[in-house]
Structures are given as structure tokens and as C-alpha cells.
Amino acid sequence: MEDRNIIDLFFRRDRKAITEMSEKYGKRLMRIASNILGDGRDAEECVNDTYLNTWNSIPPNDPENLLCYSAKIVRNLAINILKKNSAQKRGGSNVEETYDELSECLPDFNMVEDRLDEKELSKLINVFLGGLPKKSRIIFVRKYWRMDSIKTIAADLRISEGNVKNTLFRTRQKLKELLSEEGISI
Amino acid sequence: MRNEKIFNAMEHLEDKYIAEAMEEYSSAKDMESEEKDPVDPYTEAVLFYAEDNVSFKKGRFLKWAGLAAGVCAVTAGVVIMGKSGLFEVVNIPFVTSSETTEVTVASSEITEASVKATEPEDNTVIVSIIDRTKTEGIGYDDAFEKFFEDEKYEYYFSGIYSQHIIVHYEDGSQEDIATALNAGRATIADLDRFEVSYYYKILGAEGVFLGPVSKTETGFPESFNAEIINTGYGVKQNLLNGLTVVQGNKIYYVVNDWIENEFSICSYDIEKHEIETVSTEYYDNAEKINYDFIGIYSDSLYYRLSLYDHSSTSTADEKEFYCIKKLNLSTGESENIYSYTREPSVYIDKAVIIDNYLLFEDIADYNTTPIYCNIVRYDMESGNTIIFKENASAPASHKDKLIFCRRQDGNLAIYSCDLKSGENEEKLCDLSSNYVYPSICSDGEKIWVSVLDTLNDTFTVGYLDENNNLNPVKSSIKDGFPYEFKYANGYIVLHDMMIDAKSEEITAIENVRAVGNELYYGEYQTKYNQRTKEYQKELILYHLSK
């Protein structure tokens, strides 16, 4: 079923909307949750909560892209659960590791740290992504937003793990260069 | 809290980028299909340099009009060399990794279309080629199926499944590969592009099959200074045996042309960017051939040649042939300097050049368990050959000593002696009687050893500590033999890993070669050739440095 039709079902408060959404995007949402929380009950609950949140938010929201919309919800929910689990010291995940890797891109200047707030950083990253070749951009977002493993990205895109690693490495280097330049000029 | 900052910033990515990453792609090409046509590699390289503010003086283009005489399917191409700081990348025209395979041909007629939803429009673009035997696990009969032929080759799948190789077009139509090829809507290059494996052989030839394409990409360790420059066009139907030896500015390597049974040793001049064929040999009916380069001394390249010829016309003696050859790099003339009486160890490089001596092991008696070896010494000045050490193997130099292995009373032991005279033998340590296939190299400080443990079927790599006890660094279940066991630039290089000689840190990586004291890494990549509109394979070579 087309996204538009599923969203129409949400607007009509037809519970079939959840079934259709689950059938169409359930696996992909589950993967994001699993990437962040690991396989298990937490991830399943997180995906179920995503359906509920989507149900509660459409309407009034009328997303253009249902997958993107629900992916953001599942990611946020998963991260919240992760933070809660971390506070309760309930095991770790690869998220910290992933962001350690990415945070290496940030210039190591206290001044920049203070001045470059999250909004500006977010804006810079979006601008940066816009200038990347599509393949590099997809690999970057899959790794650092979807939290996909290198192995998964390679398998999905049918390229070698080495290729993925190389692309990520070069992209991080470029981001680091950009942030260094911007940080100094801000 | 840098981590938290970037963590939060990533939450605000624009929807379009998230949507893009959430899509499912059937291939890397599919992912790129919405982009503009690939930029001409010339332009792309120029832009690459311009963008990265790298001095363009260091990059240079050179058109080359063929790798070697007789090399098939050479298209005009470019080789670009780049140097930036510690990094150096060398591109060598490629080659698909192909092995000849003994097969029984069960040729069938070229398959007719069996999957055709709608007739594809003229000039419609191929979006993907899907192998349904893999994606859907569809079964098929095991027999070679001929699915296409062109003016030069016949193409086969290793099973009867051409009807399951489906070409998808931009206009939504689809058809099987044989139909698409025969209608000219697809080319063999499209199969390469979408990584569909196939075999091929010269038109009308019997027996020898080539292919399928082998994927060997592994990625280089990020801690190294190395970067890819997008260059070079491939040479189809040849096998490049990777980087071998370096002398001055020249890299020597082997190009095998199985179609013409032509085997060439080529040089690539890093400074002048010139490829030269130094020598060409022809071995008809060669089924398998190995060139193991040992090193260069006084303008001559020494290498071991292993030839396996199982054709029906060969006599028993001609079936397998092993020798060490000396190739004069100036004249291109070569001569056999040593013929092995029996098959040498083809797995581990156990030859070493020490001053004007070439030392290597030769198996003296196959009928003993373990096999009885001698170390032979060839004087590269006088041409004299002597048995330097009896009952000894795995020669290596360490400081002013020759290190080698010897088996006595069933146990393997490591010995040292004077490098040149061979006198003053001293046993350094005893190893387990289970150990076979020893190989030794030195990092200048420590003596490194690799052995196969026949009891546990594991390979152990380690070094001798201050008390000359073997200190294992890595033991792994035997998975092939360590074709490479050499030291260069701080690393012990094996066929599937490299070990930092100081920190003992292990990096899992294939295709790294130790040459002299330098490390090189080869990566196979598929590149788009704007001119021929084809995807071609090339070997990109990295000079690795910390």
C-alpha cells in the first residue's frame, strides 16, 4: 500500500493503518531499534511504541514520508530507552562506540566547544551531507543515524566492508576539516 | 562532552537524508542511479585534486596504449600517480583474478527468454541484474550452461540457471540475461557491474575455463596513511599476481594471459609512469603457474617458477616443473639456475638473498616424515651451487647470523650459525615435534617463527623471547597456508593478517605485501569508464606508511 493511503487510514482512525505500516516498514523499524538496543524485548517494545506514537501523532501531523517519520520516532524512543538503561547500568550498546568515533571529527578547541552549539553543529552537518556524493551520504547516515554495522551496510549496498570503512573514514576526515574551518571562523 | 554534542546534533538531520538512507538498494550502482552520469575519470581526478588542495604537480596523467604485446582487450586508459606526504598510491592495470578450473562441459543451447513482463523499450537503462538463485534460493541443475557468445569468447554459468538471472530496466520491464544479451540490451560488462559470476573461455576452445571474477576487497587499516585516487582502466582476461619486488623506482609484477598462455614480467616506473614488458614466456597447456619473486641482485631478478601442466600430451616429467630462474632486467634474457628434483614448498616463501648468496630450501627426501630438507646456497657472482646446510630448512638472516630449522630425534629445533661460513652452529630452542612447515623472519630485534601444529591443526605465529622460548602471538585454526611470512617496516606480514612487531597488535587484512622494507596493499575495485561506457576492474595499489 502506498504511504499516502496508509496515512489516510491514520486520518480515518482505521486500525488497519498500523497493520499496513507494520507490514511495510516493521522490519526496517525493528532494525533501527535493534541497532540501538540490541535484539530483544526492548527493541520489540520500542517498535510497538512507535506504532502507538504514530497513531497518536497522525493526525494532527501529516508526514510527507511515513518511513522517515516513523524511523525518527523509533530512533528517539530507542535512544531514550538506552539512556534509561544506561542510568540503570543495564548493559551497553554500540551507540557510545559509534558516537565516540564520530565525535573525533569535532575540533579539539575549548573555544570552539563553547561556541559551536548543537543547532549550529546540526546545521553544518546537514550542509556537509548535502555536498557529499549520494553513496557516501547514505553510508554515513546509515552508520551514524541508523546505527547500522559496517557489515550490514556492506551487505545491504552490496559493496565490500573495506569499501564502507574507507568511505566512512574519508567522510569523517572531510567533516573534521569542515568543522575545524567553521569552528575557527565562528 | 563532545560525544553528547554530536549525538544530539545527529538527531536533527534533514528528512531527505534520512529518507534516502532508509531506502533499500539492490546494489551500489542502483544507489547511484539517481545521480548524474559518472564524471569522466580525468575530470574527476582533476576535481579531486583541486578540491583537496593537493599540489597537482605531483599528480600526472599518462595514456598508455597497452600493457604488453598480446595482452587482450586492452582499451586506451590512464594511469594516474599521486603522492601526498607519506602516502603513495600506484595504480596497476587490472585483471580479474581467475583460476583455471577443470570442468566437464555440458553445453546447452542459448536460453530463450522465459521472463518477460513487457518488452523493454529501446535504449532503456538497466537498473539491476538480480541472480534469483541467490536472492530467492531457487534451485538449479549442476551443469555448465552456455548463455552467450561473442566474437571472442563463450560465456557459461556453473549451473542451468540463466533463466533466473533477471535484468531489470528503468521502464519497469524485465527479461532474462540471455535474451537481454542477444538483443544487445545488456552486455557482459553489465554482469561484471552487478557482480554476477560467470565463466568464459575462448571461442571454440576445449577444456580450459576462466573465471569467475573473484572479490578480494578487504579494506586497509585506517591507522595507515593511504588514500584511493580514482584512476586507471582494466585489462580484461588477465591475472595480475599483485606487487612483487621493487628496485629503485621500478615495481616488478607478473601478468598472466591465460588465453594466449603468455606470462609476462612487467615493470612499472613510479617516477616516469611507464609500463614496460621485461620478458614474456609461453607455456602451452599450463594449467597452473606460480611466480614467486625472491629478489633482485645486480640487475637480475630471481624468482621461482612452478608450472603444473596436466595436458594429455605431456610426459610425466613435464607435468610438473619447478626451477629458480634468473632474469636479466636489462636484456630480458632469462636462464634456469636451479631445477628442483621434487616439488618445493609452494606455500611459504623460504628463499632469502644474503649479500651475493641466494639461499633456499630444497626437499631432499619426500619419503621421510616429516620431509627431509637441505638449505642450498647459490652464489650469484660465480654461479656455483652448494648444499649449504643438510637437514635444514626455513633460512633467514638475523643480524650477522643465519637462522634455520632442523629436525633431530623427531623434534623441530631452531638453530643459528655464522651467516657466511655456516660455522658455529648453536641450537636456540626446541620446538614441539608436532610442528611442521616452519618459516622464519627477523624484525632486526626479534626472530619470528610461523609453524603448523599438526596435532591441533593450527598455525602459530610468535617470536623467540630473551630465553629463546617461542612466545606465541597468534594461533589460529589452519585456513590455508601462510603464503606470505615476511617482515617490513615494523610489521610481520602473513597472508591474512599483519602483526605490529613491537606492540604485537594484529590487523586482519589480506593483500598486503612486504617488499624490501616497504608495505604495499592492493585493492580490487570496479570503476566506470566513461569512454567505453563500461565498468572495469583495476588493482589499486597503496604504499602504506604510518
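In the predicted model described here, four strands of chain B form an open, antiparallel sheet in the order β30-β31-β32-β33. Strands are DSSP runs of E with at least two residues, helices are runs of H or I with at least four, and both are numbered from the N terminus; two strands pair if DSSP finds at least two bridges between them.

Residues are numbered from 1 along each chain as its sequence is written, chains are lettered from A and ligands numbered from 1 in the order in which they are written, and side-chain values use heavy atoms, with hydrogens and water left out.

Within the sheet, β30(B) and β31(B) run antiparallel and are joined by four bridges. The two strands form a hairpin with two residues between them, and B:Asn489 in the turn has a positive phi of about 50 degrees. B:Ala488 stands opposite B:Tyr491 in β31(B). On the pairing of β31 (residues 491–494) with β32 (residues 497–500) of chain B, the sense is again antiparallel, over three bridges; here B:Tyr491 stands opposite B:Asp500 in β32(B).

Between the chains, the axes of helix α8 (residues 134–144) of chain A and helix α2 (residues 15–22) of chain B come within 9 Å and cross at roughly 90 degrees. Axes are lines fitted to C-alpha atoms, for helices over the stretch in contact, and angles run from 0 to 180 degrees between N-to-C directions. The helices α8(A) and α2(B) are therefore roughly perpendicular to each other, a term that covers angles of 65 to 115 degrees. In this pair, A:Lys134, A:Arg137, A:Ile138, A:Val141 and A:Arg142 in α8(A) meet B:Tyr17, B:Ile18, B:Glu20 and B:Ala21 in α2(B), contact meaning heavy atoms within 4.5 Å. By class, the contact comprises five nonpolar, no polar and four charged residues; Ala, Val, Leu, Ile, Met, Phe, Trp, Tyr, Cys and Pro count as nonpolar, Asp, Glu, Lys and Arg as charged, and the others, Gly among them, as polar.

A:Ile32 lies in helix α2 (residues 16–37) of chain A. At 0% relative accessibility, A:Ile32 counts as buried, that is, under 20% relative accessible area (1.4 Å probe, protein chains only). Neighbours within four places in sequence aside, A:Ile32 is in contact with A:Ala71, A:Val74, A:Arg75, A:Trp145, A:Arg146 and B:Met22. A:Ile32 and A:Asp148, 116 residues apart in sequence, have C-alpha atoms 7.5 Å apart in space.

For chain A as a whole, the secondary structure comes to ten helices and zero strands, and buried residues make up 50% of its 186 residues. Among contacts in chain A with a separation of 6 or more, 64% join residues 24 or more positions apart. Chain B comes to eight helices and 36 strands, with 53% of its 546 residues buried. In chain B, 50% of the contacts between residues at least 6 apart in sequence join residues at least 24 apart.

Technical notes: Predicted model: local features only at pLDDT ≥ 70, side-chain atom pairs only at ≥ 80, totals over all residues. Parallel < 35°, antiparallel > 145°, perpendicular 65-115°, else oblique.
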